Amino acid sequence: MFKSLKKYILCLLILLVMAGTAFSSDDLQLTASVDKYYSNIGEPVTLTVSISGNVSNLPEPEIAGISDFNITYSGRSQNITLINGKMSSSISFTYILFPKKTGTYKIPVSINYKGTVYSANTIEVEVQKEKAYPTPSSSPVSTTEEPAQQGEGLFVTAEVDRKNPYIGEQVTLTFRFFCRAQLLSQPEYKAPDLKGFWVEDLNPQGHFYTTIDGKRYEVIEIKSALFPVTPGSLTIGPATVRCSVQNFSKSNDPFQDPFFQDYFSTNEVKVLNTDPIQIEALDLPKPAPSDFKGAVGQFQIEASFDKTEIPQNEPLTLTIKIKGTGNINSIIEPQLSEESPDFKNFKIYDTAVSDKVSKDNYIIGGSKEFKIILIPQKEGVFSLSPINFTYFDPQKGGYETIKSEPLKIKILKGNQTSNTNNPSDDKINGKTVKQLDVDVRYIKPTPIKLKNYTMDLANSPLYWVLYVFPFILVVGTFFYQYKKEKMLQNIVTIKSQRASKMAKSYLNEAKSYITKSKKVEFYTILQKSFLRYVSDKFSVSSQGMTIENIIELLSKKGIKPETIEKLKENWKDIEIARFAPKDSTSEEMKENYNNVLSLITIIDRECKNEK
Amino acid sequence: MRNSIKTSILLILVCIFIFNASALFAKDNNISLLDKANNYYQAGKYSEAITSYEELLNNGIKNPYVFYNLGNAYNKKGLIGKALLSYYRAERILPRDQDIKHNIEFVKSKLKDIEPVSEKSIFLSVYRFLNINEWAILNIIIFFISMGLLFLFITKRNEIIFWVFFSFLLILFISSCFFGLKIYHRANLVPAVVMKAETDVRNGPGVDYTNCFKLHEGSYVEILRNEGGWDEIKYGNLRGWASEQSLEKI
C-alpha cells in the first residue's frame, strides 16, 4: 500500500513539473535573414539570426552544418526596446558563410532552449560561379602605384591619371582596396582631404578579382574626378579604409589547422591609409583671350531661336547650348552685348540656366543650356551674328574659340497695344518700365513762413470736444420741442375736459336772458355757447365756424348719427326762433336751452365712451 | 500798492513779449537754415545740403517741402532708400503734390525689386486723396452741417429738410469711415522702407529660420508687428520677417 502511494506521489510530482514547464512557456521567436540571396564562390554571405522573447541566457543557435559552406560565428548583440512602457528584447547572432561550391542551399536555423527546439524560417541561398572581372593590368597612364601596407592579405592603393594637370582639367583619382582575408563587416571608406580641388564622385564602384604573385585578391575600386581650382602644388591627402578581419595566429601551433582556425579566431579591426599624392597644377597660359571665362575641356556650341518668325513685342527665346567634356558646372553664360548691332532692336531680359552632367566612362562632361528672353522692338528681318565661346583645351595646351552658326529671325508687325501712346513704355510680365524725364523735379523754394505739420488733429482732445457741442445743442433743442408739445397737448386736453363745464357757465349767462325775455341775445349766446363748447372740446378755432363745419367735425370725431340728426333739428329750431319776427315764449326758450344742454351732455358722454 | 501792481503787470507783459519774440526768432532761424540748405543744393554741394536738412528736421520741423528737398538731395547722392523715405514722408503730408509723386515714380524705377501689383480702386484713390488732418477737418465740417440740418428739422418739421439732413448723414457716415480708417492705419499699419542694400526676409523672427525672399534698398513694405528685434512685414502678397535694423519707418 505504501509503495502504491509513493508511486502515486511521484507521478503527481512529475505531472506538476511538466505542467510547470508547460505554464512557464518561454516563447521564443526566431527570424533568420541574409544580406544577399545570390552569391558567388568565395563571396561571403552574412547570416543574421534574431531571437526575441524571454531571451535571458540563450545558448548559441545551431546551424545545421552544411559542408558546402564555411561557417564562421561573428558575434552576438542584444537589442532592448521600450515602447509605451513595454520592454521587449531580442538578441542577434551573426554568422559569415563562405560558399565553396555552386548550387542552391537551404540553411536551417534552430535553437535548443530549455528542452524545446525552436526553428527559424528557412533561408535559401543560391551560389553561382565566380564572376570574371577584368584585371587592372591595363590601367591608363599609371605612373606610380603606392601600396600602403603589405602582408596579412590587405592593402590599399591610390593613383591618379595625371600629375601635372592644368587648372580646371579633370584628374581621375582611383582608390583600390585589395583584400585576401575574410572580412567580417562592410569596410568603411573615408575620402581623402581634397583642398584646392572641385570634386565630383564617379559611379559606380568597381568590384572584381585579381591575382597578384599567385595570390587571389578581391578588389573594390572607387573613382573620383578632381578639378584643380588654384595653380601650384596641391596635395591629395591619404584615403582611409577601416575593416575588421579574422586574425590568424602565426604560431606554429599544432592546432593551427584549418579545422581549428574556424573555432579559435578573434576579430581585429584594421585601418589602412594610402600615401598622399602630390599634384602640380599648371596655370593657364597668359595672356588669356578677353572672352575666356574659365571653361576647361573640349566643347561645342549651338545656338537657336524657338521661332523663325514672331510679332513685335512678343517674347522670343534664344537658346545657347554648350556641350562637351570638362567641368560643365563652371561654364559662365556667354555675354550678349546690348550695344552690339544685333541687339540694338531687341531688349534683353532674363536668362534661365540648366545643366546636365554626365559621368560616362568616368569622365565628367555634359551640357549647359542658357535660355535668354528677347523682346524684338522693330519689325524686319534680323540676323544674329555667331556667338563666341572661348575655352582652354588641356590636351592641345591652348585656347580655342568656337562659334555658333549665325541665326536669322523675322519680326512681324506687332499688334497695337493700348500702351502705344507712349512709345518708350515697355511692358513685360506686368512690370511697366517707363522712360521718364532725365531727372527728378527740382527742389521747392524756401517759403515765407515755415509751417510745422504735426498732423495730429485726430489726437488733440479739443478736436473731439468740438464734436460734442453741436450734438448737445441739437439734443437739447429736441427735448425742448418735445416738452413744449407735450405742454400744448396738456393744455388742449385740459381745455377739452373742461369744455362742458365752460359751456355750462356760458349757458348760465343765456339763462338770464330767458327771464329778461331778450330773445335775440338769448339765442345768440345759446348758439355761441355751443360753438365755444365744440371749439374747446375739439380744439378747433371757433372763428367762422358754421353748423356745417360742426356737423362735419362731429361725424369725423365719431359722434353717433342720431345725435347729429338731433343737433340738426335743434339748430334748425334755434335758427327759426332766432330769426323769426315774432317773439319766442319763455317755454320755447327753455326748451331750446335744454336741447342744447342735453346735446352737450350727449356729446360729452359719447366722447368719453369713445376714449 | 498800485505801483507794485503796475510793475508786476508790466513784468508779465515783458515776459510774454520775450517769449513770443524768441519763438519768432527761432522760426526765423529755421527759415535761414532752410535757405542755407537749399543754397547748398543749388551749388551742387549735396552732402552739406543733406546735413542742413537733417538739422532742420532735428529742430522738430516737420515740413513736406523740407522732406521733398532732402529726398532730392539723397537721390543726387545715390541713396535711393533714404531718398524714397523722405519722399514718402512728404507725400504723407501733401498727398496731392505732383512733384512729390513724380519724383517717387522716378526713383522707384531704380529699384531692384519688382514692385508688387497694387490694386487700383476708387476707394483707395479717395482714401489717399486727403491726409489725416484734412479728413479730420472734412469730417467735422460735415458733422456740423448735419447737426445744423437736424436742428432745423426739429424746429421746422419740413420734409425737404429731413431728406437733405438724411443725405448729409450718409455723407458723414462715409467720411467717418475713411477718417476712422486713416486713424486705424496710422496706429496699426506702419509703412517702412528697406534701407539695406540687400536684406533676407525669413520665415520667422530669428536667423535660424529659413529665407523666404530677398528685398533690396528702397522697397516699400508694411510692418505688421515686432518681436525681439524682428519686424513681420508685408510686401504685396508676400509676408516674412526682416531684422528691424534693415527697415526705417516712414
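Visitor: Which residue forms a salt bridge with K359(A), and how far apart are the closest N and O atoms?

Guide: A salt bridge is a side-chain nitrogen of Lys or Arg within 4 Å of a carboxyl oxygen of Asp or Glu. Here K359(A) pairs with E200(A), with the closest N and O atoms 3.6 Å apart. K359(A) lies in the loop between β23 (346–358) and β24 (365–376) of chain A and E200(A) in strand β14 of chain A, so the pair ties together parts 159 residues apart in sequence. Helices (H or I, at least four residues) and strands (E, at least two) are DSSP runs, numbered from the N terminus. Over all chains, the structure holds 26 salt bridges.

Visitor: What should I know about the model and its numbering?

Guide: This is a predicted model: local features need pLDDT of at least 70, side-chain atom pairs count only at pLDDT 80 or more, and totals for chains, interfaces and linings use all residues. Residues are numbered from 1 along each chain as its sequence is written, chains are lettered from A and ligands numbered from 1 in the order in which they are written, and side-chain values use heavy atoms, leaving out hydrogens and water.

Visitor: How many residues of chain A are in contact with chain B?

Guide: Contact means heavy atoms within 4.5 Å. By that rule, 36 residues of chain A touch 52 residues of chain B. Buried area is the accessible area (1.4 Å probe) that two parts lose on being put together, summed over both. The two chains bury about 4100 Å² between them, 65% of it on carbon and sulfur atoms. K444(A), L450(A) and M455(A) supply 20% of the area that chain A buries against chain B, more than any other three residues.

Visitor: How many salt bridges cross the interface of chain A and chain B?

Guide: The rule finds three. R441(A) and D99(B) meet through their side chains in a salt bridge (2.9 Å, N to O).

Visitor: Which residue other than glycine has a positive phi?

Guide: D213(A) has phi near 55°. Its place is the loop between β14 (197–212) and β15 (215–228) of chain A.
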